[in-house]
Amino acid sequence: MTGARADIAILGGGLAGGLIALAVRRADPSLSVVLVEAGEMLGGNHRWSWFESDLNNDGQALLAPIRKIHWPVGYDVHFPEHSRRLESTYVSLSSTDFDAALRRELAQSTIHTGRKVASVDARGATLEGGKRIEARCVIDARGYIPSDAFEGGWQVFMGRHLRTHAPHDVDRPIVMDAKVAQHDAFRFVYTLPLAADELFVEDTYYQDSPVLDRAALSSRIERYCDAMGWHGEPIAFETGVLPVIPG
């Protein structure tokens, strides 16, 4: 990549950076794009989910090449005094499928993983080791940088991908189970049935601080699964600390 040149350099191959690269490729394949990601896989270790109605036709077309799981049967929500079943289609995407689709859809010269950015300027980026990428346009999609200009709190979560010893009989997502103890935050547990013997269970908190206690959250997921009668072996974990900016 010494002396590399591109029309557009995208720094950060997470959901935002990867989708920008895919959108540019669809809009004008003649543009040269370089997508730089510090990790070895695009999208990191995450699962993203949304309601099908959240996306317009253009958004759905952009995501069409990527493998996703759909639940047309709707989803459930639970609160201490109320529960409700809603009929909207729910959709989920894993970072593994995101990475595979981008590597398939983008030009081979576009993706550069395992490359950390040392500095950025209006004309390009310099990578650790001194290699330089010159670009007409630079898009920095490496994530949130703390700033006094923003007000808000944090979404803190831990997810566990579980293979159950027996079929779990969950036929639709539980998008929010807020019947759980709150622990000085707005807490809920989120469950996706990925297969007859696979569940993704995520413990989520909206709180004032960005503190994530891995041991505590892991223990609470364990207790929740036990209470629900879901027993098995963990396949994978993920964690996240995201800013929630209302002002």
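The text moves from the nonpolar cores to a central strand, then to a helix, ring pairs and an arginine.

This is a predicted model, in which local features need pLDDT of at least 70, side-chain atom pairs count only at pLDDT 80 or more, and totals for chains, interfaces and linings use all residues. Residues are numbered from 1 along each chain as its sequence is written, and side-chain values use heavy atoms, with hydrogens and water left out.

**Cores**

A nonpolar core here is a set of buried Ala, Val, Leu, Ile, Met, Phe, Trp, Tyr and Cys residues joined through side-chain atoms within 4.5 Å. Buried means under 20% relative accessible area, exposed over 50%, and partly exposed in between (1.4 Å probe, protein chains only). The largest core has 21 residues, and I66, F98, L102 and L106 have the most contacts inside it. Elements giving two or more residues to this core are β1 (4-11), α1 (15-27), β2 (33-37), β3 (47-51), α2 (57-63), β7 (90-94) and α3 (95-105). α1 gives the most, with four residues. Helices (H or I, at least four residues) and strands (E, at least two) are DSSP runs, numbered from the N terminus. A second, separate core has 15 residues, including M158, V170, Y224 and C225.

**Strand β7**

Five of the five residues of β7 are buried. Y90, S92 and S94 lie on one side, V91 and L93 on the other. In a regular strand the side chains alternate between the two faces of the sheet. Two strands pair if DSSP finds at least two bridges between them. β7 pairs with β3 in the antiparallel sense over five bridges, and W48 stands opposite L93. β7 also pairs with β4 (residues 69-71), again antiparallel, over three bridges. There, Y90 is the bridge partner of W71.

**Helix α3**

Which residues of α3 are buried? They are S95, D97, F98, D99, A101 and L102. These pack against α1, β3, β7 and β8 (111-113). Contact means heavy atoms within 4.5 Å. Beyond four places in sequence, F98 touches residues including G13, L19, W48, I66 and L93.

**Aromatic pairs**

Rings of Phe, Tyr and Trp (its six-membered ring) pair if their centres lie within 6.5 Å; planes under 30 degrees apart count as stacked, over 60 as edge-to-face and the rest as tilted. The count comes to 12 aromatic pairs. Two of them are tabulated.

| Pair | Centre distance | Plane angle | Class |
|---|---|---|---|
| W48 and F98 | 5.4 Å | 65° | edge-to-face |
| F186 and F188 | 5.8 Å | 50° | tilted |

W48 lies in β3 and F98 in α3, so their pair ties together parts 50 residues apart in sequence. Both W48 and F98 are buried. In the other pair, F186 is partly exposed, with a relative accessible area of 35%, whereas F188 is buried at 8%. Ring pairs also link F51, W71, Y75, Y90 and Y190 into a cluster.

**Arginine R67**

R67 is found in the loop between α2 and β4. Is R67 buried or exposed? R67 is exposed, with a relative accessible area of 52%. Leaving aside neighbours within four places in sequence, R67 is in contact with L93 and D97. A polar contact of 2.9 Å joins the side chains of R67 and D97. Such a contact is a pair of N or O atoms within 3.5 Å; within protein, one must be able to donate a hydrogen and the other to accept it, and residues adjacent in sequence count only if both atoms are side-chain atoms.
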